Each structure stands twice: as C-alpha cells, then as structure tokens.
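I opened a new notebook page for this protein. My plan was to look up a few residues and write down what turned up.

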Amino acid sequence: MNKEAKHSDAKRPKENQEIIALRKAISKALEEKRYEHTLGVAYTAAALAMRYGQNVHKAQTAGLLHDCAKNLTNEKRVDICRKNNIPINAAEEKNPFLLHAKVGSYLAQKKYGISDREILDAITYHTTGRPDMTVMDKIIYIADYIEPGRSQAPGLPEVRRLAFTDLDDCLFRILGDTLDYLTASKMEIDEATRQTYDYYKSLREQNTER
C-alpha cells in the first residue's frame, strides 16, 4: 500500500475502516461465489437499514458475517457446537448444514470480535427466523433472500418490492414461500421456521380481527 492509500484510509471514519477490514477477512474465509453473495447481503442489509431507520454499520457487519461458517465441514460445525454447548435440534442432527447460522454467530464473536447482541442474534436467526424478531433480525433474514445475486426464489420481484414497502409483509411472504418450497421438495424443515411462521400468522390474524 502506498503512502497516498494509507493517508486515504486514515481519513475514513472508524466504522468504515472496520467494515473494510472485515470485508478483507471474510474474503479469505469464503469461496468466491459465497463471498459475492455475502457482499450482496451486506449491501442489501445496509439499504434496508437506511429505509427503516436502523444502524447501517450493524446491518453491514451482520450481513458480512452471516455466512462466515458456511465453508466449514459439517463435522467441524458439529464439533464446534458440542465443544461449546451450542444446542443441536433434531433437524440439525439430520442435516448439520443447518448449523452454519449458530456456528456463524459463535465465530462472529470468537474469531471476528463481535460482542453486539443485536448483530449476533441477527446472524443466529438468519435462516430460520424466530418469533418476535427484532427489526435487525428481519433485515438480515430478508437481505439474505433478496440480495441482487439471488434469482431462483418464486415471485422475487414482488418480494423485493415488499422489502422496501412493508418489512413485516415481506417477512411473512418469505416464511410462507420457504415452507411451501421445503414441503414440496420433501426437505427437512427446522421446527423454528414453522414456529416463526405460525407466530406471525397468528399476529396477522389478531390484527385483522381488531
């Protein structure tokens, strides 16, 4: 790095420097295709954070780290969980690939120095969701689904529009589409995803009755 580049970096706000450093670290931990997806999620999460008045730096950080355990083997994920008392449910026992979110949250804390619970939780729940999600949880969950590199999900243009008009409607749409896809494909459904869908379905029904 030349002197001009160093001087330019020194002028960047601290949070920008942190994002740049994190991006470099993640680029070394992930395969190229996964890294491109990660950048897309971080970009989309930042845009959604701006739209809904959330902390952009936190959204970018969670977006960059959400898949940081994706390139680990299933055996390694299980090993990390067992050594660190991270619970493994029935669906994860059958398909340890699903553990990448929990393990990713663990690595975000232990390897990348993240202590902010809002960021760590958003990483933990970015694949299954959870009842009563925070706005940041919803942002990372949705950003993972709609980032620019995605192309296979049903009704993606409409889902992307919903993401920037009504976050809750978008979340519910994605949860429903995900369950439909998993059921049709006869794939393992994590009970947390079904619980999340049922929670938001009940909430919508209560709001309709008022």
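I began with the term buried: it means under 20% relative accessible area, while exposed means over 50% and partly exposed is in between (1.4 Å probe, protein chains only). Cysteine 81 has 0% relative accessibility, so I wrote it down as buried.

Notes on the source. This is a predicted model, where local features need pLDDT of at least 70, side-chain atom pairs count only at pLDDT 80 or more, and totals for chains, interfaces and linings use all residues. Residues are numbered from 1 along each chain as its sequence is written, and side-chain values use heavy atoms, with hydrogens and water left out.

Confidence. I looked up pLDDT, the predictor's confidence in each residue, from 0 to 100. The protein averages 92, and 94% of the residues score at least 70. Over residues 1–9 the pLDDT is below 50, and this stretch has three contacts (heavy atoms within 4.5 Å) beyond near neighbours in sequence.

Cysteines. A disulfide is a covalent bond between the sulfur atoms of two cysteines. For cysteine 81, the nearest cysteine sulfur is that of cysteine 68, 12 Å away. I also checked cysteine 170, which is buried with a relative accessible area of 0%.

Aspartate 67. I found this residue in the loop between helix H4 (56–65) and helix H5 (74–83). Helices (H or I, at least four residues) and strands (E, at least two) are DSSP runs, numbered from the N terminus. Aspartate 67 is buried, because its relative accessible area is 1%. Next I looked for polar contacts: pairs of N or O atoms within 3.5 Å, where within protein one must be able to donate a hydrogen and the other to accept it, and residues adjacent in sequence count only if both atoms are side-chain atoms. The side chain of aspartate 67 has one of 2.9 Å with the side chain of arginine 34 and one of 3.3 Å with that of histidine 100.

Glutamate 147. Which helices lie on either side of its loop? They are H9 (135–146) and H10 (156–163). Glutamate 147 counts as buried because its relative accessibility is 5%. Its side chain makes a polar contact of 2.7 Å with the side chain of histidine 37. A polar atom of the glutamate 147 side chain also lies 2.7 Å from the backbone nitrogen of glycine 149. Histidine 37 is among the residues in contact with aspartate 67 as well.

Terms used:
Disulfide = S-S within 2.5 Å. Lists of a residue's contacts leave out its neighbours within four places in sequence.
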